[in-house]
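Subject: Structure handover

Hello,

Here is the structure we talked about. Please open it first, then read my notes below.

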Amino acid sequence: MDRNKYLLSLAEKIELAYQAWRAHPNDVKCQEQYETAKSQLDIELKQFMNDSYQKHHH
């Protein structure tokens, strides 16, 4: 799968997790799923930025 599709699917996962958490604000599991998905996206985005930076500066 190409990275853009992967990032998009991660973003969708975050959105769903966020909605579930909003619907059940006291559910720690919902909150954890949201935060896990969000940090995964952060990692991917950093990697993506690093890769782009490397390509443009070498």
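How many aromatic pairs does the structure hold? It holds three. Here, rings of Phe, Tyr and Trp (its six-membered ring) pair if their centres lie within 6.5 Å; planes under 30 degrees apart count as stacked, over 60 as edge-to-face and the rest as tilted.

Before more detail, some ground rules. This is a predicted model: local features need pLDDT of at least 70, side-chain atom pairs count only at pLDDT 80 or more, and totals for chains, interfaces and linings use all residues. Residues are numbered from 1 along each chain as its sequence is written, and side-chain values use heavy atoms, with hydrogens and water left out.

**Aromatic rings**

Take Tyr18 and Trp21. Their ring centres are 6.3 Å apart and their planes stand at 80°, so the pair is edge-to-face. Both sit in helix α1, three residues apart, which is about one helical turn. (Helices are DSSP runs of H or I, at least four residues, numbered from the N terminus.) An α-helix has 3.6 residues a turn, so residues three or four places apart point the same way. Ring pairs also link Tyr18, Trp21 and Tyr34 into a cluster. Tyr18 has a relative accessible area of 32%, so it is partly exposed. The cut-offs are: buried under 20% relative accessible area, exposed over 50%, partly exposed in between (1.4 Å probe, protein chains only).

**The core**

The largest nonpolar core has nine residues: Leu7, Leu10, Ile14, Ala17, Trp21, Cys30, Tyr34, Ala37 and Leu41. Such a core is a set of buried Ala, Val, Leu, Ile, Met, Phe, Trp, Tyr and Cys residues joined through side-chain atoms within 4.5 Å. Helices α1 (3-23) and α2 (28-56) each supply at least two of its residues. The largest share, five residues, comes from α1.

Look at Ile14. Leaving out residues up to four places away in sequence, Ile14 touches Tyr34, Ala37, Lys38 and Leu41. Contact means heavy atoms within 4.5 Å.

**Helix α2**

The buried residues of α2 are Cys30, Tyr34, Ala37, Leu41 and Glu44. They pack against α1. The 29 residues of α2 should span 42 Å, and the end C-alpha atoms are 42 Å apart, which agrees. The expected span is 1.5 Å times one less than the number of residues. At the start of α2, a side-chain oxygen of Asp27 reaches to within 2.9 Å of the backbone nitrogen of Lys29.

**Charged residues**

The count comes to one salt bridge (a side-chain nitrogen of Lys or Arg within 4 Å of a carboxyl oxygen of Asp or Glu). Arg3 and Asp51 form it, at 2.7 Å, N to O. Arg3 is in α1 and Asp51 is in α2, 48 residues apart. Arg3 has 28% relative accessibility, so it counts as partly exposed. Asp51, at 25%, is partly exposed too.

Lys5 also lies in α1. With a relative accessible area of 55%, Lys5 is exposed.

Best wishes

Terms used
A polar contact is a pair of N or O atoms within 3.5 Å; within protein, one must be able to donate a hydrogen and the other to accept it, and residues adjacent in sequence count only if both atoms are side-chain atoms.
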